[in-house]
Amino acid sequence: MKTAWARSTSSRDGMMDACFCRIVILLFYFFGQSVNAQTGGGIASSYAAEPRTIGINYGRIANNLPSPDEAVQLIQQLKVGRVKIFDSDPTVLSALANTGLEVVSAVPNEGIATIASNFSAAEQWVKQNVLSYYPATKIVGIMVGNELFSYPALNTTTWPQLMPALNYLHQSLVNHNLSLAIKLSTAVALDALATSYPPSTGSFRPDIAIPYMQPLLKFLSSTGSYFYVNAYPYFAWSSDPTQIPLDYALFGANTPGVVDGGLAYYSLLDAQLDAVNAAMGQVGYGGVRLAISESGWPTAGDPTEMGCNLANAANYNRRLVRQILSTSSAGTPKRPGVFIPAFVFSLFNEDLKPGPGTERHWGLLYPNGTAVYSIDMTGQMTDTQYAPLSSTPVITTSAPPPASFANQQPPSTSSSGSNGTWCVSKSSVSSVALQAALDYACGAGATNCVPIQTGGACFKPNTLAAHASYAFNSYWQSYKSIGGSCDFGGAATITTTNPSYGNCVYNAN
């Protein structure tokens, strides 16, 4: 199958005058598209026509999931055409080989610094994580980071490294003749917007609009890639359910939720996406196309979390798929008729995700492979063709897992390298860089930083280096099995000497 997000090259012609004509036409074409994108005009036509298929996010923060080979079989049974992962795990990329599924892999946030440091690092990453699998594994995109701009602590470290990383990776793909087949981008949450209502007033936050969003969008425009957004109407609705009608959040409104400049919005997702479209236009790149990197609705949550039930989740995701794949109502009111690649979140319920109960209940499937609710991922079935589902709130009954997923056994008294490896802070790193890395590790969600707070088992010695070591190790041990690295912007290193002491336990699992 032809790569979905790449423009095919023109055929060769033996006649000199025909070649010359083609060159002139191409120069005119790309110049025109560049001007159009930079002036915030309509949708640039330099994007290839994509197959109308839905994607799925395959996350793996759990201890009870099927093997990647089994998971890929389940993905194929869902009849989706694309799968997005959050790293470049070898077992997953290998399992996706020769399936025909289009794959969007990723550079995790903590891996950006290394790639941004020099071209050789980017080239090595491409060789290891792309060339080792492509084309058997049909990689069509690489996400460089996820929701970076949602972490203010990274504003002096990782944020400035995004564009160097993208540029180095792009140059590597160009060198290997893969820049047309594999597109680079990053996934941005909607908190990147300063304003979103009404949609036409959408704008990026002042701290990121010009220094980060503008160069990012320039890069996406010049390479024909998408601006990926993690869009969740659930969070907007649940934060203000008295003002936002539930039907409006669930694609079920009979009257517009908002009328903006003559454009009527019948779904909250459309309004969110057009706010992003407006924000892109504000910085001069309204022609860049949108893709939805994550969207979904939870089936269960804590008692304080509203709207978590099977009926709402099923209605949202079923209707999302139908809208994305529709040939008559594709796009948004501001950008009608434009196909928006989208990835439903997510494939499985992931039992080790920290945070409120909803975090562990976004999946279409239970870990044993059975469906949480029925859903046609081809978008053919209508609401009335499904059996009714309960709208009774589903309350999580089990306590959230420990944030660090740490082994609570006492540490070994031996410090021999045969007992494991740990991730600790480097002594040569500046306090500014170390603090930023510590803020990142503790803000990443899966890191248990309670032991280094006042009164905690690892609070003393009360030094930045000691606290950073504990946080780095907690994060790395949680995520290393799914691609997490012990780097933290160059602030961390691996040791074979057990740093545990007294009652302060450094997990080595």
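Trainee: Which residues in α6 meet residues in α7, and which ones are they in α7?

Mentor: On the α6 side they are Met-163, Leu-166, Asn-167 and His-170, and in α7 they meet Pro-215, Leu-216, Phe-219 and Thr-223. Keep in mind that this is a predicted model.

Trainee: How many of those are nonpolar, polar or charged?

Mentor: Sorted by class, the contact of α6 with α7 has five nonpolar residues, three polar ones and no charged ones.

Trainee: What is the angle between α6 and α7, and how far apart are their axes?

Mentor: Helix α6 covers residues 162-175 and helix α7 covers residues 209-223. They pack at an angle of about 15°, and their axes are 10 Å apart. Angles under 35 degrees count as roughly parallel, and α6 and α7 are therefore roughly parallel to each other.

Trainee: Left-handed or right-handed crossing?

Mentor: Left-handed, for α6 passing α7.

Trainee: Now α5. At what angle does α5 pack with α6?

Mentor: About 60°, with the axes of α5 and α6 8 Å apart. That angle makes α5 oblique to α6. The crossing of α5 past α6 is right-handed.

Trainee: Which residues in α5 meet α6?

Mentor: Phe-119, Ala-122, Glu-123, Trp-125 and Val-126 do. Their counterparts in α6 are Tyr-168, Leu-169, Gln-171, Ser-172, Leu-173 and Asn-175. By class, this contact of α5 with α6 has seven nonpolar, three polar and one charged residues.

Trainee: Switching to strands. What does the barrel consist of?

Mentor: Eight strands form a closed barrel, in the order β1-β2-β3-β4-β5-β8-β11-β12, and the pairing is parallel. On average, neighbouring strands of this sheet are turned by 25° against each other, direction ignored.

Trainee: How many bridges join β2 to β3?

Mentor: Three, and the two strands run parallel; β2 is residues 82-84.

Trainee: Why is β4 called largely enclosed?

Mentor: Strand β4 runs over residues 138-146, and eight of its nine residues are buried, so the rest of the structure largely encloses β4.

Trainee: How does β4 pair with β5?

Mentor: In the parallel sense, over four bridges, with β5 at residues 183-189. There, Gly-141 is opposite Lys-183 in β5.

Trainee: What joins β8 to β11?

Mentor: Four bridges, between residues 227-230 of β8 and residues 290-295 of β11, which run parallel. Asn-230 stands opposite Glu-294 in β11. Helix α10, residues 268-282, packs on the sheet and touches β8 and β11. The direction of α10 makes about 135° with that of β11.

Trainee: Last one: how many helices and strands does the chain have?

Mentor: There are 13 helices and 14 strands. Of the 509 residues in the chain, 53% are buried. Among contacts between residues at least 6 apart in sequence, 74% join residues at least 24 apart.

Terms used: Residues numbered from 1 in each chain as written. Predicted model: local features only at pLDDT ≥ 70, side-chain atom pairs only at ≥ 80, totals over all residues. Heavy atoms only, no water. Axes fitted to C-alpha atoms, helices over the stretch in contact; angles between N-to-C directions. Parallel < 35°, antiparallel > 145°, perpendicular 65-115°, else oblique. Left-handed = near helix turned anticlockwise from the far one by under 90°. Contact = heavy atoms within 4.5 Å. Nonpolar A, V, L, I, M, F, W, Y, C, P; charged D, E, K, R; others polar. Pairing = 2+ DSSP bridges. Buried < 20%, exposed > 50% of the residue type's maximum accessible area, 1.4 Å probe, protein only.
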